[in-house]
Each structure stands twice: as C-alpha cells, then as structure tokens.
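Dear colleague,

Please find below the structure that I am passing on to you. My notes on it follow directly after.

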Amino acid sequence: MQKGRFAPSPSGRMHLGNVYAALLSWLSVKKKGGVWVLRIEDLDPQRCKLEYALQLEDDLRWLGLDWDEGGTENRGNNGPYLQSHRSEIYEEYLHRLEMTGLTYPCTCTRADIMATQAPHESDGRIVYKGTCRPASIPNGKAPVKAVENAATRLYVPDREIRFTDRHYGEQSVNLATHCGDFVLRRKDGAWAYQLAVVVDDALMGITEVVRGRDLLLSASQQIYLYDMLSLKVPEFIHFPLLCNNEGKRLSKRDKSLDMGVLRSQYSSEQIIGKIAYFAGQTDRPEPMTSAELLKMFDWEKVPVNNIIVNYKMKNEKL
C-alpha cells in the first residue's frame with residue numbers, strides 16, 4: 001500500500017505555503033490510490049499548541065483535504081500521531097543507536113559551535129566539528145556513558161550518501177562536511193527532528209515523503225539513520241518553495257497569507273485553483289476542487305525553481 005503524509009508543526013495558523021505542501025502531498029499519494037496520513041509534529045512544547053493543531057485540521061477539511069489516518073483523534077493503528085505522545089518510542093530507538101557506540105554526549109552551546117565555523121561556512125549551515133566527540137569514536141564498540149544536561153549526538157562518517165529524489169534527481173551529500181555529527185536529543189530532553197521523523201515514517205509505513213526543497217539535503221541525514229536502524233527508506237519527492245516578493249520562503253510571519261485571512265476573502269476552490277497554477281498544473285488560476293485537480297495532477301508539470309507569490313501586505317489578491 002502506498003502511503004504519504006503531511007506532518008505540520010502546530011506553532012500557528014497555516015499559511016498559503018503550508019496549504020501548498022499539504023495539497024501536493026495529498027495529490028501525490030492519492031494519484032496512486034494510496035493513503036494520506038496526518039501527523040502532528042509538536043516536538044517543541046514552547047511553540048506548539050493543541051489549539052493550533054485543531055485549527056489546521058479544520059482548515060484542511062475546509063479545503064477538502066481529509067486524511068485517512070492520523071490527526072488529533074488518532075485515526076488508525078499506527079498511533080499516537082502526535083509526536084509529543086511518542087517519547088517512549090523515540091527512547092527505544094535512541095537506545096538502539098547508543099548500542100552501536102557511535103553516540104556521545106555534547107555540552108557545546110550554539111555560540112561554541114559558531115566560534116569554530118570557517119569563513120566559507122556563511123550560508124546559514126552549522127557544521128559541528130566534533131568538539132565533544134570521544135577519541136574512541138568511531139573505533140570503539142562500547143556505548144559512551146551519558147552525561148546530565150548534555151545533548152546526544154551521532155557520529156557521521158566522512159563519505160558520500162547518495163540517493164535519487166524523484167523531482168530533483170541524483171543527490172550526493174557528505175554528512176561530515178554538510179552538517180557534522182548531528183543531534184538526536186537536545187540538552188533540554190526534547191527530541192530532535194531527524195530522529196523523530198525517521199522513526200515515525202518507518203513505523204507508520206510511509207512509502208513517500210513529499211516536502212519542500214529546503215529539506216532536500218536533510219534527507220541524507222535521515223537515510224543514514226534509516227540504514228543504522230535497519231529501517232526501510234521511503235521515496236523522497238521534494239518540490240520548489242513558494243516565496244514572497246523578496247525571494248524568501250513564505251512563513252507564519254506573512255500574516256496576510258494565513259488561512260484566517262484567506263478564508264475570509266476566498267473560497268476553497270479559488271485557493272486550490274491558485275495553487276494548481278503555481279504548481280504548473282494549469283495555464284491560469286481557475287477555481288477548482290481538490291478532486292478536480294487530482295484528475296489532472298502530474299509531477300512532470302511541477303516547476304523546479306522556487307515560485308514567487310506576488311502580493312502586497314495589505315489588500316493582496318491571489
């Protein structure tokens with residue numbers, strides 16, 4: 001059975017970019033007659049709230065995007081579908097990684113890590129240089145003893161990880177130079193995204209991961225984890241981002257494009273029709289339902305480059 005998923009973080013009202021992501025993931029798996037899973041990625045207790053999760057579910061239903069499995073009501077047999085309720089599961093898989101002898105405690109602060117960055121690493125990436133890595137790694141076999149008030153990092157080898165993205169083709173990433181040893185669990189005990197998403201996608205039977213191209217390179221970290229945990233790797237399909245007039249990805253800061261504003265000004269058919277146009281499925285933005293768009297959806301028509309959404313912060317028109 002084909003399974004796709006939409007995995008939003010309930011840290012505010014959905015905006016046009018979130019709807020675009022949800023719609024593409026829904027279209028992709030439904031085109032194959034598959035199942036669409038809604039997983040709530042509420043790992044950050046400071047930013048994520050249940051009220052936001054309930055609101056996004058209402059927005060999805062209004063758009064005609066109902067899910068087959070998951071959501072706050074835990075529909076299905078692979079729950080719980082809120083990451084905040086899955087800590088014991090992540091604990092089990094962290095233990096498996098610890099048994100490899102390739103994890104270790106890290107007390108470095110962000111400032112400590114930034115201080116080690118070379119001048120050419122000024123593109124926003126933080127590459128961990130292994131400051132806290134024990135000399136026994138990677139040659140040692142025994143697990144490294146945990147330390148209080150420390151993050152848990154995973155050693156990465158100096159080698160290429162290759163995979164094929166369905167939309168962007170062949171990819172090759174060296175984790176040692178791309179990110180360095182990465183965090184599995186933060187100092188405050190919160191689970192890191194990379195571990196949680198791999199465990200969840202594997203246990204929920206996700207066969208395809210459809211998401212924005214800003215996460216394209218993180219697929220290599222996840223493939224590394226899949227291999228270490230002997231879990232099946234899903235197909236990755238990344239898509240171009242919706243960006244504002246300045247070329248920056250749409251975010252919850254773009255208040256005029258959040259679903260509260262959009263629902264007050266447009267019908268669900270108008271919003272879906274505009275996204276269909278952005279995604280290269282139609283020549284002009286015409287109102288349509290998600291079911292109508294599904295009949296014509298084709299990944300080959302989706303652009304490769306990011307898409308500029310022309311709008312003004314006041315009285316914008318889609």
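How many of the 11 residues of α7 are buried? The model is a predicted one, and in it 9 of those 11 residues are buried, so α7 is largely enclosed by the rest of the structure. The buried residues of α7 are Ser-218, Ala-219, Ser-220, Gln-221, Gln-222, Ile-223, Tyr-224, Leu-225 and Tyr-226.

One of these deserves a separate remark. Ser-220, in helix α7, has a relative accessibility of 0% and therefore counts as buried, the cut-off being under 20%. Leaving aside residues up to four places away in sequence, Ser-220 touches Ile-161, Phe-163, Val-173 and Leu-175.

Just after α7, Ser-230 takes a positive phi of about 55 degrees, although this residue is not a glycine. Ser-230 belongs to the loop between α7 (218–228) and β10 (235–239). With a relative accessible area of 68%, Ser-230 is exposed.

Asn-149 is another non-glycine residue with a positive phi, again of about 55 degrees. Its place is the loop between α4 and β5. Asn-149 counts as exposed, at 65% relative accessibility.

I turn next to the cis peptide bonds. One joins Gly-79 and Pro-80, with omega at about 0 degrees; Pro-80 lies in the loop between β3 (69–70) and α3 (87–98). The bond from Ile-137 to Pro-138 is also cis, and here omega is near 10 degrees. Pro-138 is located in the loop between α4 (110–114) and β5 (151–154), and Asn-149 lies in the loop between α4 and β5 as well.

Two helix contacts follow. Helix α1 (residues 16–30) packs with helix α9 (residues 268–278) at an angle of about 75 degrees, the axes being 10 Å apart. The two helices are therefore roughly perpendicular to each other. On the α1 side the contact is made by Leu-16, Val-19, Tyr-20 and Leu-23, and on the α9 side by Ile-271, Ile-272, Ile-275 and Phe-278. Sorted by class, this contact of α1 with α9 has 8 nonpolar residues, with no polar and no charged ones. As a general point, an α-helix has 3.6 residues a turn, so residues three or four places apart point the same way.

The second contact is between α3 and helix α6 (residues 193–203), whose axes come within 10 Å and cross at roughly 105 degrees. Angles of 65 to 115 degrees count as roughly perpendicular, so α3 is roughly perpendicular to α6. Ile-89, Tyr-90, Tyr-93, Leu-94 and Leu-97 of α3 meet Leu-195, Ala-196, Val-199, Asp-200 and Leu-203 of α6. By class, the contact of α3 with α6 has 9 nonpolar, no polar and 1 charged residues.

Tyr-93, named in that contact, also has a charge over its ring: the charged end of Arg-96 sits there, 4.2 Å from the ring centre. An arrangement of this kind is found at Tyr-128, where Arg-153 lies over the face of the ring at 3.7 Å from its centre.

Finally, the aromatic pairs. A search of the whole structure finds 7 of them. In one, the rings of Phe-6 and Trp-36 have centres 6.2 Å apart and planes at 10 degrees, so the pair is stacked. Phe-6 lies in strand β1 (residues 3–6) and Trp-36 in strand β2 (residues 35–38), so this pair ties together parts that are 30 residues apart in sequence. Phe-6 and Trp-36 are both buried.

Another pair is formed by Tyr-277 and Phe-278, whose ring centres lie 6.3 Å apart and whose planes are at 40 degrees, so the pair is tilted. Tyr-277 is partly exposed, with a relative accessible area of 35%, whereas Phe-278 counts as buried at 8% relative accessibility. Phe-278 is also one of the α9 residues that make the contact with α1.

With kind regards

Technical notes
Residues numbered from 1 in each chain as written. Predicted model: local features only at pLDDT ≥ 70, side-chain atom pairs only at ≥ 80, totals over all residues. Heavy atoms only, no water. Phe/Tyr/Trp six-rings, centres within 6.5 Å; stacked < 30°, edge-to-face > 60°. Helix = DSSP H or I, 4+ residues; strand = E, 2+ residues; numbered from the N terminus. Buried < 20%, exposed > 50% of the residue type's maximum accessible area, 1.4 Å probe, protein only. Lys NZ or Arg CZ within 6 Å of the ring centre and 35° of its normal. Axes fitted to C-alpha atoms, helices over the stretch in contact; angles between N-to-C directions. Parallel < 35°, antiparallel > 145°, perpendicular 65-115°, else oblique. Contact = heavy atoms within 4.5 Å. Nonpolar A, V, L, I, M, F, W, Y, C, P; charged D, E, K, R; others polar.
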